[in-house]
Amino acid sequence: MSSTFYTWLRSPAAREYFFSTHFWGPVANWGLPLAALADLKKDEEMISGTMTTALMCYSMVFMRFAWRVQPRNYLLFACHATNATAQSVQEYRFVNYWHRGGREKKLAEEGVAPAVEGKVTQAVKAAKEEASKTVA
């Protein structure tokens, strides 16, 4: 098996493949999924829901392209499948943090929520009083 690979590696077909955009395009594109994988450890506060959705859709479109082009570009497909998966995880983290109570839970664990809650309530009351004074 390995001798077959080494024979192919020395062939003109291998040189043609390694010096083509069919190879270097996906190699250059691997920066996206590698960055997405590195971002999985970062704080949810920093996730952009809009950008994550755009990158997820972008990768799904190019997964289809990589599959439909002839000859099929498996390297490009793997690159975008990895990115789409990582962006999907980021999207889940974003929704969980901002829309399903993850932020409040985190703040409560840090002991910040009660102090902030009181200040927010006071600020809302002050704003309502100020608004009622200007209307009257």
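Here is a short tour of this structure, one selection at a time.

Before you click anything: this is a predicted model, where local features need pLDDT of at least 70 and side-chain atom pairs count only at pLDDT 80 or more, while totals for chains, interfaces and linings use all residues. Residues are numbered from 1 along each chain as its sequence is written, and side-chain values use heavy atoms, with hydrogens and water left out.

**Whole chain, cartoon view.** Colour by secondary structure and you get eight helices and zero strands (helices are DSSP runs of H or I with at least four residues, strands are E runs of at least two, numbered from the N terminus). Now zoom out. The C-alpha atoms fill a box of roughly 85 × 35 × 20 Å along the principal axes. The radius of gyration is 25 Å, whereas a compact globule of 136 residues would have one near 14 Å (taken over C-alpha atoms, with the globule rule being 2.2 Å times the number of residues to the power 0.38).

**Surface view.** The accessible surface comes to about 9900 Å², and 65% of that belongs to carbon and sulfur atoms (Shrake-Rupley, 1.4 Å probe; for residues, only the protein chains shown count as cover). Buried residues make up 22% of the 136, buried being under 20% relative accessible area with a 1.4 Å probe, protein chains only.

**Select Gln 87.** You'll find Gln 87 in helix α6. Gln 87 counts as buried because its relative accessibility is 6%. Show what surrounds Gln 87: beyond its neighbours within four places in sequence, its contacts are Ala 36, Thr 52, Leu 55 and Met 56 (contact means heavy atoms within 4.5 Å).

**Select Asp 39, Ile 47, Ser 48, Thr 52 and Gln 90.** Of the 14 residues lining the largest pocket, these lie nearest its centre. A pocket here is an open set of points on a 1 Å grid over the protein atoms alone, where a 1.4 Å probe fits, with protein on both sides within 12 Å along at least five of seven lines; lining residues have an atom within 4 Å of a point. Helices α4 (31–39), α5 (49–68) and α6 (74–99) each supply at least two lining residues, and α4 gives the largest share, four.

**Select Gln 70 and Pro 71.** Finish at the peptide bond joining this pair: it is cis, with omega about -5°. Pro 71 sits in the loop between α5 and α6.

Key. Buried < 20%, exposed > 50% of the residue type's maximum accessible area, 1.4 Å probe, protein only.
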